[in-house]
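Here is my note on the model you sent. Please read it with the structure open.

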Amino acid sequence: MNIYISGISGTGMGPLALMAQSAGMTVFGSDLGAGPITPELVSHDIKLCLGVQDGEFLKARAKDEGVDWFVYTSALPADHAELAMAKKLKLKISKRDELLNYLIKKLKLKLVAVAGTHGKTTTTAMIVWAAQKLGLPVSYLIGTTLPFAPAGLYDPKSKYFIYEADEYDRNFLAFQPWLAVIPTVSYDHPDIYPTVEDYQDAFRKFEKQSENALHGDEIAVGLTLAGEARRYDATLAIDALEKMLPKPRGLAKVLSKRHKELVKIMNEFPGVGRRFEQVSEGYYSDYAHHPEEVEATVEIALEEADRRGLKGVVVVYEPHQNSRQSELIDEYAEVFHGVTKLYWVPTYLTREKAGLKILRPEDFIAKLKNKKIAEVAKLDEALAEELKKWHKKGYLVVLMSAGPADAWMRRLVYADNQESAAIQFVHAPRSAGE
């Protein structure tokens, strides 16, 4: 089967492309630009077009190789040129959940779905990491890069499919998991869920349509990962694996030994892309863009700085989506407690509600209890020089952003635009006679 993925460089669609290819499908795709997953797609010889999405690359693939299924990201507008071309070509069209359900059924996999407001990426990665260490074959799909494996994979020996199930666009409600793993449920995505109750109802429905469900309990004894949030995620991952692994004889003694082994494996967890990821010595990048995530990341950073004997923590924060932040602005009051210096940059704007006032960094800083640590900043050379000074003095520097600030940080640290490097290996929009 030949699959075409529109939005293939995204952290949701790129891993899907990798999994579909490893399951024996031929995959093509397009996107407006490169993303963190793009180098993996290129290294797996997935043919893609970046920069132009006018429908011509899709048309060429349909003519030359044939396209059986057009899969598109939720970010694609209804009048998008590729969507219009797919309809014109009379292709099967769907979002990713339909293709995933098809693969789960076809490959006879048990779905372990990790869903929650925060912690789902890390918990999913921890399950995959420990399964690999234990020699348990698993297929999986995760919405980020992994330092120890591809972002998406089908293993023909696997019984389980580990999936980071996103609640945005109510995507996770398309699935009926064998096991639902739920780290936290609070409130997010006001553009999809108008009220807290609506959001929580969706999770209640998700749990009801799952055979089994796990919620966090007491943190497992012996976990030494920095930050309570990480130790909490690791505990959930351990609980999930204990359900997935075969039950041995001499149950109590053997299970106790296995539990200790799982704790040891979790303590060696190398992390994932943009989840307190060390991009260089002393510089970290994290995806936090919600007050609860920010608070958890600050706690991790403070513990890590203390362990390393550093003087303190300096934060650069780029909020994501003005419509989200308008709902959450009052929750920032104390989340940066313990931070030495905070640089607040303008919000990364996406999928915004028309007519809503755009909040400025000054508006957020005014809500902080420790306003004196905060300063309005821009992603420019002046900020870069400030961060270098703090780093040289012996401070841990962490960027929190779900947007383009991550690429800015990497250019600062490496003096190298990795995105441009990835693009040069990708098929040009109309090369080779297309």
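**Notes on helix packing and strand pairing**

1. The axes of helix 6 (residues 120-134) and helix 8 (residues 228-244) approach within 9 Å and cross at roughly 50 degrees. Axes here are lines fitted to C-alpha atoms, for helices over the stretch in contact, and angles run from 0 to 180 degrees between N-to-C directions. Helix 6 is therefore oblique to helix 8. Angles under 35 degrees count as roughly parallel, over 145 as roughly antiparallel, 65 to 115 as roughly perpendicular, and the rest as oblique. Helices (H or I, at least four residues) and strands (E, at least two) are DSSP runs, numbered from the N terminus.

2. This is a predicted model: local features need pLDDT of at least 70, side-chain atom pairs count only at pLDDT 80 or more, and totals for chains, interfaces and linings use all residues. Residues are numbered from 1 along each chain as its sequence is written, and side-chain values use heavy atoms, without hydrogens or water.

3. An open sheet of five strands has the order 3-2-1-4-5, with parallel pairing. Two strands pair if DSSP finds at least two bridges between them. Strand 3 (47-50) and strand 5 (92-94) are at the edges, each with a single partner strand, so one side of each has no neighbour in the sheet. The twist averages 15 degrees from one strand to the next.

4. Strand 1 (residues 2-6) pairs with strand 4 (residues 69-72) in the parallel sense, over four bridges. Ile 5 stands opposite Val 71 in strand 4. Helix 1 (residues 13-22) packs on the sheet and touches strand 1, strand 2 (26-31) and strand 4. Its direction makes about 170 degrees with that of strand 1. Helix 4 (residues 81-88) lies across strand 1, strand 2, strand 4 and strand 5, at about 160 degrees to strand 4.

5. Now strand 13 (residues 283-286).

6. Strand 12 (residues 277-280) runs antiparallel to strand 13, joined by three bridges. Ser 280 has Tyr 283 as its bridge partner. Strand 13 also pairs with strand 17 (residues 396-401), in the parallel sense over four bridges. There, Tyr 283 stands opposite Val 397.

Definitions and conventions
Contact = heavy atoms within 4.5 Å.
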